[in-house]
Amino acid sequence: MTIREALLEAAGTRMRPILMTATATVGAMVPLVFGSTETGSVVSQNLAIVVIGGLTVATLLTLVFVRL
């Protein structure tokens, strides 16, 4: 197998679990962001925003820059 073929096959194998994990985590955090502002939920809302942003950026960096 050439290097290019090996990279293309590995990228497909690696991308699916990364995207599934990131999508599931972001999906689980969305209700916390848009939930009501009860006592104690402000911390949860801020934490959810940070987790969503950090996970999105880390996923994009992993998929783009690790390939280079």
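Which residues form a nonpolar patch on the surface, and what is their accessible area together?

Reply: The model is predicted, so local features need pLDDT of at least 70 and side-chain atom pairs count only at pLDDT 80 or more, while totals for chains, interfaces and linings use all residues. Residues are numbered from 1 along each chain as its sequence is written, and side-chain values use heavy atoms, leaving out hydrogens and water.

The patch consists of V57, L61, V64 and F65, which together have about 370 Å² of accessible area. Accessible areas come from the Shrake-Rupley method with a 1.4 Å probe, and for residues only the protein chains shown count as cover.

V57 is found in helix α2, residues 41-65. Helices are DSSP runs of H or I with at least four residues, numbered from the N terminus. V57 is partly exposed, because its relative accessible area is 47%; buried means under 20%, exposed over 50%, and partly exposed in between (1.4 Å probe, protein chains only).

In helix α1 lies I18, which is partly exposed with a relative accessible area of 23%. Leaving aside residues up to four places away in sequence, I18 touches T59, T62 and L63, where contact means heavy atoms within 4.5 Å. The C-alpha atoms of I18 and L63 are separated by 8.5 Å, although the two residues are 45 apart along the chain.

Key. Patches are made of residues with over 30% relative accessible area and no salt bridge: like charges are joined within 9 Å, nonpolar side chains (Val, Leu, Ile, Met, Phe, Trp, Tyr) within 5 Å. A salt bridge is a side-chain nitrogen of Lys or Arg within 4 Å of a carboxyl oxygen of Asp or Glu. Helices (H or I, at least four residues) and strands (E, at least two) are DSSP runs, numbered from the N terminus.
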